[in-house]
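Open the model in your viewer and keep the selection tool at hand. The tour goes stop by stop, with what to select and what is there.

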Amino acid sequence: MRKATAGECFVDPNVGYRLVGLSDMDDEVISESQTAEMNIMSLEDLSVKRRNKLPDPIEKEKRISLWSVIKDSIGKDLTLICLPVYFNEPISSLQRCFEEFEYSHLLDQAHEHGKAGNSLMRILKVAAFAVSGYSSTENRHRKPFNPLLGETYEADYPEKGLRFLSEKVSHHPSIMACHCEGKGWKFWADANIKLKYRGSSIQLDPVGTLNLEFDDGEIFTWSKVTTRIYNLILGNVRCDHHGTMHIRGNGQYYCKLKFKERSILERCSHQVNGFVEDASGKKVAQISGKWDDSLYYHSNEEGNLDAKEGEKFLLWRRNKPPVYRNCYNLTSFAITLNELSPVLEEVLPPTDSRLRPDQRHLENGEIDKANAKKLRLEKRQRMSTRLQETGWKPRWFHRDGDGAFRYTSLRGLREFDSISLILKSLIR
């Protein structure tokens, strides 16, 4: 008898449910025919109740100046600087990867449009999904926890038809890989962010490609734009995204989106504008909106969309904020990411982000405990560098021929490896 490892309910396509509720599981795989006897509902019929607020804080939040911490780090890579927990939000970067699937229904719709033969609406919905991931960054000025080497996060959201797994696959450089499966599509990516301090602002330059494949074989790829956080010393801290996003695929359409950088004198901020063109280079649709609010398209191309000249149609709109506000400005979806029930705690592996004590203490409002645990963990992360130098390899991802990390199905693997045991000893 043993606890389940990360991904074991993820790797077998014949298992259409997650065995949450069984703290101990036999080595045998439970077949679909046995589910009726066990009264386990299918993913499509499963109703999941998730929390809608964070725990009430135990301690009063402390204020500290960011300038007092980073004033000696101008021009340096801030990922190498040990920041106090006051500048963190209670989720990890692995969980932030999954947070971008809050609007996964856009990809479900893109899948259905493609099945119906509407390739133009498919790429428009993919573009909306690519933009929607930025909406949760508005007024989010705190840093997610930096995962340890080998740390994982897995999520099963049957109400959204999603299964997700991410892992910290490299410490230097810091790279996280993720894999997600939805209704008729799968997504994979590995992310590395070059982060630099520029006087009164911090710039985040993403490195890596995001990949999306539908079950009919159509593939889309794109990369993220630059993010910048302003007014670190004086004024109201604000976040902005700017740059050009190219969404390319093996189909007949290409999409270009321009995230406009906000100027000092400009009132209208967070603008996104772009277009879709066909294989001949003809523009067939225009896209406009704001990354923190909504996105629209309009087209009068005959035979593709029933639209009048100048008429716009909604592609995506941001969800309403949570009923119970929190000091981290987490969205309703983000509030659920670090939820840890007694049942879930029994089946999670020791590598899961939900089990990090510093992150858990911060969520509970135990600031002093969180800070002590975080500083201790980051000091002991030096072990990760030594592990990587001695040939350690990620458990759930492998490098393909292009150097990108892809999800590895490890069906039949049952025991924790050395990195899991090390992480278990570190977080105690």
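Some ground rules before moving on. This is a predicted model, in which local features need pLDDT of at least 70 and side-chain atom pairs count only at pLDDT 80 or more, while totals for chains, interfaces and linings use all residues. Residues are numbered from 1 along each chain as its sequence is written, and side-chain values use heavy atoms, with hydrogens and water left out. Helices (H or I, at least four residues) and strands (E, at least two) are DSSP runs, numbered from the N terminus.

**Stop 1: the strands around β5**

Select β5 and β6 (residues 185–198). They pair in the antiparallel sense over 6 bridges; pairing requires at least two bridges found by DSSP between two strands. The two form a hairpin with 3 residues between them. In that turn, Gly184 has a positive phi of about 90°.

Look for Ser170, which stands opposite Ile175 in β5. β4 and β5 also make a hairpin, with 4 residues between them. Pro173 sits in this loop, between β4 (162–170) and β5 (175–181). Check its peptide bond from His172: it is cis, with omega near 0°.

How many of the 7 residues of β5 are buried? The count is 6, leaving the strand mostly covered. Buried means under 20% relative accessible area, exposed over 50%, and partly exposed in between (1.4 Å probe, protein chains only).

**Stop 2: α4 against α5**

Select α4 (residues 105–115) and α5. Their axes are 8 Å apart and the packing angle is about 170°. Axes here are lines fitted to C-alpha atoms, for helices over the stretch in contact, and angles run from 0 to 180 degrees between N-to-C directions. The angle therefore makes α4 roughly antiparallel to α5, a label for angles over 145 degrees.

Show side chains. Among the α4 residues that meet α5 are Leu106, Leu107 and Ala110; on the α5 side, they include Met121, Val126 and Phe129. Contact means heavy atoms within 4.5 Å.

Which residues of α4 are buried? They are Leu106, Leu107, Asp108, Ala110, His111 and Gly114. Their cover includes α5, β6, β8 (210–214) and β16.

**Stop 3: the cores**

A nonpolar core is a set of buried Ala, Val, Leu, Ile, Met, Phe, Trp, Tyr and Cys residues joined through side-chain atoms within 4.5 Å. The largest has 65 residues; Phe98, Phe187, Trp222, Ile247, Leu257 and Val276 have the most contacts inside it. Helix α5 (residues 119–132) gives the most to this core, with 10 residues. A second, separate core has 8 residues, including Leu165, Phe397, Phe405 and Tyr407.

Center on Ile247. Leaving out residues up to four places away in sequence, its contacts include Ile123, Val126, Phe220, Trp222 and Leu257.

**Stop 4: two loop residues**

Most residues other than glycine have a negative phi. Select His270, in the loop between β12 (253–259) and β13 (271–278). Its phi is positive, near 65°. Is His270 buried or exposed? At 7% relative accessibility, His270 counts as buried.

Finish at Asn329, in the loop between β16 (313–317) and α6 (332–335). Asn329 also has a positive phi, near 60°. Its relative accessibility is 39%, so Asn329 counts as partly exposed.

Methods. Angles under 35 degrees count as roughly parallel, over 145 as roughly antiparallel, 65 to 115 as roughly perpendicular and the rest as oblique.
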